[in-house]
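Me: I have a structure open and would like to go through it piece by piece. Could you help me read it?

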Amino acid sequence: MKIEENVLLCKLFDAYGPLLSQTQREVIGDFLLYDLTGSEIALNRNISRQAVKDTITKAVAKLEHFENLLHFVEKFDIVTKENERLKNQTKRREE
């Protein structure tokens, strides 16, 4: 997984994680936040690697679906960039 994809998934997880099932939240949290491999997650949870893969795949699909409907992460990124632009503009005026 590319770093950019991982960062986006973390943002989606922050925004929409509470909308996932508890199992999905825990498994994808282990994957994203603790950087555990599918094998490590499977071993820790006493489930198959395929079950971990399926859970992550379904959770990612749900997170992307929520973003496609609501666009919270996209809007947050726009507001953050505009905030930075205004801060920089204010700093230049003060100098």
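Predicted model: local features only at pLDDT ≥ 70, side-chain atom pairs only at ≥ 80, totals over all residues.

Me: Is Asp30 buried or exposed?
Reply: Asp30 has a relative accessibility of 14%, and because buried means under 20%, Asp30 counts as buried.

Me: And what is Asp30 in contact with, leaving aside its neighbours within four places in sequence?
Reply: With those neighbours set aside, Asp30 is in contact with Asp35, Leu36, Ile41 and Arg45.

Me: Where is Asp35, and what about its phi?
Reply: Asp35 lies in the loop between α2 and α3, and its phi is positive, at about 55°, although Asp35 is not a glycine. Asp35 counts as exposed, since its relative accessibility is 63% and the cut-off for exposed is over 50%.

Me: Which other non-glycine residue has a positive phi, near 60°?
Reply: That is His71, whose phi is near 60°, and its place is in the loop between α4 and α5. With a relative accessible area of 31%, His71 is partly exposed.

Me: Okay, new topic: how do α2 and α4 pack?
Reply: Helix α2, residues 22-33, and α4 pack at an angle of about 100°, with their axes 9 Å apart, and α2 and α4 are therefore roughly perpendicular to each other.

Me: Which residues meet there?
Reply: From α2 there are Thr23, Gln24, Val27, Ile28 and Phe31, and these meet Val52, Thr55, Ile56, Lys58, Ala59, Val60, Lys62 and Leu63 in α4. By class, the contact of α2 with α4 has eight nonpolar, three polar and two charged residues.

Me: What about α1 and α4, at what angle do they pack?
Reply: Helix α1, residues 3-16, packs with helix α4, residues 49-70, at an angle of about 75°, and their axes are 10 Å apart. The two helices, α1 and α4, are therefore roughly perpendicular to each other. On the α1 side the contact is made by Leu9, Leu12, Phe13 and Tyr16, and on the α4 side by Val60, Leu63, Glu64, Phe66, Glu67 and Leu70. Sorted by class, the residues of the contact of α1 with α4 are eight nonpolar, no polar and two charged.

Me: How many residues are in the largest nonpolar core?
Reply: The largest nonpolar core has 17 residues, and those with the most contacts inside it are Leu12, Phe13, Tyr16, Leu20, Ile28, Val52 and Leu63. The elements giving two or more residues to this core are α1, α2, α3 and α4, and the largest share, six residues, comes from α4.

Me: Take Ile28: what is Ile28 in contact with, leaving aside neighbours within four places in sequence?
Reply: Once those neighbours are left aside, Ile28 is in contact with Phe13, Leu20, Leu33, Ile56, Ala59, Val60 and Leu63.

Me: And Leu43, buried or exposed?
Reply: Leu43, which is found in helix α3, is exposed, with a relative accessible area of 69%. From C-alpha to C-alpha, Leu43 and Gln89 are 52 Å apart in space, and they are 46 residues apart in sequence.

Methods. Residues numbered from 1 in each chain as written. Heavy atoms only, no water. Axes fitted to C-alpha atoms, helices over the stretch in contact; angles between N-to-C directions. Helix = DSSP H or I, 4+ residues; strand = E, 2+ residues; numbered from the N terminus. Parallel < 35°, antiparallel > 145°, perpendicular 65-115°, else oblique. Contact = heavy atoms within 4.5 Å. Nonpolar A, V, L, I, M, F, W, Y, C, P; charged D, E, K, R; others polar. Buried < 20%, exposed > 50% of the residue type's maximum accessible area, 1.4 Å probe, protein only. Core = buried A, V, L, I, M, F, W, Y, C linked by side-chain atoms within 4.5 Å.
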